[in-house]
Amino acid sequence: MNETPNVASPVIRRPQRTLTPEEHETVRDTALLNFQGALIMGIIDPVPNPSPMSEDEGAWVREQVWPAFFTEIDRKYPFGFYRWSTCEKGTCWNCLARRCDLCVHRQEGGPYVDRNFDWVHDSRGVGVAEFILRPDGAPCVWWCRCPCAKTGPAPDRPARRRRRQKRAAESVPGPRPLAAGAHADEAVVPEAAEQYTLF
């Protein structure tokens, strides 16, 4: 949590979470809008920091102590909303979709550093004051947990790979193979773009 991004060596490696089958079901049952939000925020596969509280104790606090406006939004996300600090975020949505060439942190040129502040809310959930979480200035950093390279040449995009394979096939002399189920008098339709699942 107290790691400072280094310009000379910007890669901050943290373990990537592997979701269990039960966690996959939790993610799959999330409403689409919240699912998209969780992808953008990096909390589809968050990795919690060590905590002095057990998960049961945390659940009790959320149930008994948190105000309703906190629990209402927290329940909409697969693994909660207010529970995660920036350094606990997981893999970016592009890497989850196997588009490491578009990794969020490759595009941003480095890790996302939180501003280290939060809000004090009143009983209705209205933000009434700003407070600084860590006055020592220690940054809270999100660096996509995918093991892909975040610097240097981008890996091949899936579409670019397919085009290269198609060109290589077209350069081979001889009759072109027909697509499965195609008739000799039908034009061969280029293969549709691959669809990637997130998990």
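Analyst: Begin with the largest pocket, which is lined by 26 residues; Tyr82, Trp84, Asp114, Phe117 and Asp118 lie nearest its centre. A pocket is found on a 1 Å grid over the protein atoms alone: it is an open set of points where a 1.4 Å probe fits, with protein on both sides within 12 Å along at least five of seven lines, and lining residues have an atom within 4 Å of a point. This is a predicted model, in which local features need pLDDT of at least 70 and side-chain atom pairs count only at pLDDT 80 or more, while totals for chains, interfaces and linings use all residues. Residues are numbered from 1 along each chain as its sequence is written, and side-chain values use heavy atoms, with hydrogens and water left out.

User: What volume does the largest pocket have, and which elements give two or more residues to its lining?

Analyst: Its volume is about 810 Å³, where volume means the space filled by probe spheres set on the grid points, which are joined across faces, edges and corners. Helix 4 and strand 2 (117-121) are the elements that give two or more residues to the lining. Strand 2 has the largest share, with five residues. Helices (H or I, at least four residues) and strands (E, at least two) are DSSP runs, numbered from the N terminus.

User: How many helices and strands does the protein have, and in what order do they run?

Analyst: There are seven helices and four strands. From the N terminus on, the order is α-α-α-α-α-α-β-β-β-β-α.

User: How do I read burial in a helix?

Analyst: An α-helix has 3.6 residues a turn, so residues three or four places apart point the same way. Buried means under 20% relative accessible area, exposed over 50%, and partly exposed in between (1.4 Å probe, protein chains only). Of the 199 residues of the protein, 33% count as buried. In helix 2 (residues 32-41), the buried residues are Asn34, Phe35, Gly37, Ala38 and Leu39. They pack against helix 1 (21-28) and helix 5 (93-96), with contact meaning heavy atoms within 4.5 Å.

User: How do I describe a pair of aromatic rings?

Analyst: Such a pair is described by the distance of the centres and the angle of the planes. Rings of Phe, Tyr and Trp (its six-membered ring) pair if their centres lie within 6.5 Å; planes under 30 degrees apart count as stacked, over 60 as edge-to-face and the rest as tilted. By this rule the count comes to six aromatic pairs. Tyr77 and Phe81 form a tilted pair, 5.1 Å centre to centre with 35 degrees between the planes. Phe81 and Tyr82 have ring centres 5.0 Å apart and planes at 85 degrees, so this pair is edge-to-face. Tyr77 is buried at 12% relative accessible area, whereas Phe81 is partly exposed at 22% and Tyr82 is partly exposed at 33%.

User: Which residues form one aromatic cluster?

Analyst: The cluster consists of Trp66, Phe69, Phe70, Tyr77, Phe81 and Tyr82.

User: How do I read one residue, such as Thr71?

Analyst: Take its place, burial and contacts in turn. Thr71 lies in helix 4 (residues 68-74) and counts as buried at 10% relative accessibility. A polar atom of its side chain lies 3.0 Å from the backbone oxygen of Ala68. Not counting residues up to four places away in sequence, Thr71 touches Arg62 and Trp66.

User: Where is Cys146, and what does it touch?

Analyst: Cys146 is in the loop between strand 4 (141-142) and helix 7 (158-170), and is buried at 8% relative accessible area. Not counting residues up to four places away in sequence, Cys146 touches Arg13, Gln16, Thr91, Cys95 and Cys100. Cys146 and Arg13 are 133 residues apart along the chain, and their C-alpha atoms are separated by 8.8 Å.

Conventions. Polar contact = N/O pair within 3.5 Å; in protein donor to acceptor, adjacent residues only side chain to side chain.
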